[in-house]
Amino acid sequence: MRSLLTLILFTIFFTSCTTTRWVVTDQNAVDGSAEPRVVSDRQAYILDSRPTVDEPIAKFQLYQIKDLEFPERVRVERTVQEYKPKWGFVLLGIAGAATAVVAANTGVILSGASVTQKIGLNLSAGLLSILSFTNLESTGDPIYTGETKLMRQSGVEARRDSVMIQPDDSVFVDVNIFLQDETLFSQEEVPAENGQLDLNLGSFADEMRGKINRDSEIRVRLSHDGLDDDFIIPTAQFLAPYLNINALVANLRSTPEGGNLNIVTEVGQGSFLELMNDDAEDFYRVQYEGSEYFVRKESGSIEWLSTADSGSALVFEFAELPFGEIDVEHSMPVLKPNNSSDRGLIISNGLNNGFDQRQYLQRDHQLFEAYLNTSFRLRDAQITTITEQQISSQLDEVEGMEGDGSLYVYLSGFGAVRERNNQPAIHLITDNGQGETLLPITEIFSELKRMNPGSLFLFIDLDYSVSDQQTSNGINRNGSSGLLQRTANNILRDLPNSVVVFSNRPGQQSSIYTGILDGNKRHSIFNYFLAEAIQQRKTRMSDLVNHLDRNVDYTSRRLHDQPQDIQAFGNLNLNLAQ
């Protein structure tokens, strides 16, 4: 009975057993109570506010900076854990203990046991009972008491403590700004009021022009008290890419393709358009008034600007004007009655050319044709327009004039000077996608001579913007005037009643009449003043050429700072209206 009571007491005790232990909660706990070790103590500038495109001001502030080291220790915390017996082991132990007790105190299992044996069996029974209750298992999660303590040191933690300094007097700083290996700005003893220094990085946009891209960075070095503080700032943070329109007039297109159908509007030289993408082979993708358009890459160059410096993007947009709104497109005088023998020819390689399309050339053709219709009374059937390839073969189909009537010819497009028969000669140059094709204008002259008009008025308006070394060499050796004279003589020798007027010399461009103050006349300068002379009834060729000579070169130099010299050969006594 006593043994049974003892077993019950053990059972009650161990079923409600709890224990406490210390558990590691942090191997690197900072000992805040310990005095930190000061590694360094200095004054330095910190970039307090980064620049943006709208506000390209980098703001630097003076701080007192301390580098400290705090000891790290192992943190432990006291926990409380409840345990319960493993009842399988308890029952097995009690059964073993009971067997030993029965064997020691009765003769059922072991008869005639000695005193020593009985004592040993009773002791074994007690040990089995006790051991069966010591095999415990935890119950639930441990309870953290919040009691912690720090043990041994496990390391150190470095911390930086900074405090803003606002000295009463000005602090002087040496400022250096670098783009790669180039120094953009360098100045000693720049005053910093209250320890604050503001740098307008957008003001260096001009110095960085043509030298940066989307991945470029500048380095700002501030030197103070013998120490240098360097800051790396990407240029794309405070500058945005814009397309600066260099062409006189650039077309904004809805799709990255050539032609006229996708042209939405036009912008003038000096316009800035926000650049969105330049991955396309021939076009830039730009943004204007919230919409995206495409512009040919040769129309402009990329510049990085700050909108805070330049304000809103400057754009010169030309409103769409129907034909007849420009001053020379209306009020055309009637200068002669219809002559059924008269003919008009418009010849050009400038509309369907891989070198791009000459701006407003189609409108120039329309203007020339309008004066033929109105002032010289030619009917539509008397006017032939040739703007496709195979110009010579198409000219061959034009009927002859048998020495009667006047022939008015407007020859336009892209020209170049290339060697022919060991001499420089003027050619129409066309890019058909498979390479350049050349057509000597003397072949066109041969067709004009074949037509045999009573009088010939030939106006040649070629743009020599296609660069070519042979052109330059030929002009330098022989002179452009001599080249034009020899070219004109090919037709003047056989048709003495002829006048050949060149809009410019080889190597010069045929400029467009457009400018910020003058507006956009939507014609080449040459064609505009040719129409103006006829509008003013200056039909004698000497008067007409004098009008062109006074106005074309002056206007080109004034608007575009480029020369454009008129050259005329032949019988200047001829009259357009006779």
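Predicted model: local features only at pLDDT ≥ 70, side-chain atom pairs only at ≥ 80, totals over all residues.

Reader: What does the secondary structure of the chain come to?

Author: You'll find 11 helices and 27 strands. Both are DSSP runs numbered from the N terminus, with helices being H or I of at least four residues and strands E of at least two.

Reader: Why is Leu411 called buried?

Author: Because its relative accessible area is 1%, and buried means under 20% (exposed is over 50%, partly exposed in between, with a 1.4 Å probe and protein chains only). Leu411 sits in strand β20, residues 406–420. Setting aside residues up to four places away in sequence, Leu411 touches Ile347, Leu428, Ile441, Ile444, Leu458, Phe459, Ile460, Asp461 and Leu462. Ile444 is 33 residues away along the chain, and its C-alpha atom is 9.5 Å from that of Leu411.

Reader: And Asn251, what makes that one buried?

Author: The relative accessible area of Asn251 is 15%, so it counts as buried. Asn251 belongs to strand β11, residues 249–253. Beyond neighbours within four places in sequence, Asn251 contacts Ile263, Thr265, Glu266, Phe294, Val295 and Gln359. For the chain as a whole, 44% of the 578 residues count as buried.

Reader: Which way does Asn422 go, buried or exposed?

Author: Exposed, because its relative accessible area is 76%. Asn422 lies in the loop between β20 and β21 (423–431). Its phi is near 65°, a positive value in a residue other than glycine.

Reader: Where is Asp225, and what is its phi?

Author: Asp225 is in the loop between β8 (217–224) and β9 (227–234), with a positive phi near 55°, and it isn't glycine either. Asp225 is exposed as well, since its relative accessible area is 61%.

Reader: How do you know that the span of helix α9 agrees with its number of residues?

Author: The expected span is 1.5 Å times one less than the number of residues. For the 13 residues of α9 (480–492) that should be 18 Å, and the end C-alpha atoms are 18 Å apart, so the two agree. The buried residues of α9 are Ser480, Leu483, Leu484, Thr487, Ala488, Ile491 and Leu492.

Reader: Why are α7 and α9 called roughly parallel?

Author: Their axes come within 9 Å and cross at roughly 20°, with α7 covering residues 441–451. Axes are lines fitted to C-alpha atoms, for helices over the stretch in contact, and angles run from 0 to 180 degrees between N-to-C directions. Angles under 35 degrees count as roughly parallel (over 145 is roughly antiparallel, 65 to 115 roughly perpendicular, the rest oblique), so α7 and α9 qualify as roughly parallel. Ile441, Thr442, Phe445, Leu448 and Lys449 of α7 make the contact with Thr487, Asn490 and Ile491 of α9.

Reader: Is the crossing of α7 and α9 left-handed or right-handed?

Author: Right-handed. That label is for a near helix turned clockwise from the far one by less than a right angle, and anticlockwise is left-handed.

Reader: What makes α5 and α10 roughly parallel?

Author: Helix α5 (361–374) and helix α10 (525–535) pack at about 15°, with axes 10 Å apart. That angle makes them roughly parallel, but the crossing is left-handed. Asp364, Leu367, Phe368 and Tyr371 of α5 meet Asn527, Leu530, Ala531, Ile534 and Gln535 of α10. Those residues divide into six nonpolar, two polar and one charged. Nonpolar covers Ala, Val, Leu, Ile, Met, Phe, Trp, Tyr, Cys and Pro, charged covers Asp, Glu, Lys and Arg, and the others, Gly among them, are polar.

Reader: How many residues of α10 are buried?

Author: 10 of its 11, so α10 is mostly covered. The buried ones include Phe526, Tyr528 and Glu532. Arg537, with a positive phi near 65°, follows α10.

Notes
Residues numbered from 1 in each chain as written. Heavy atoms only, no water. Contact = heavy atoms within 4.5 Å.
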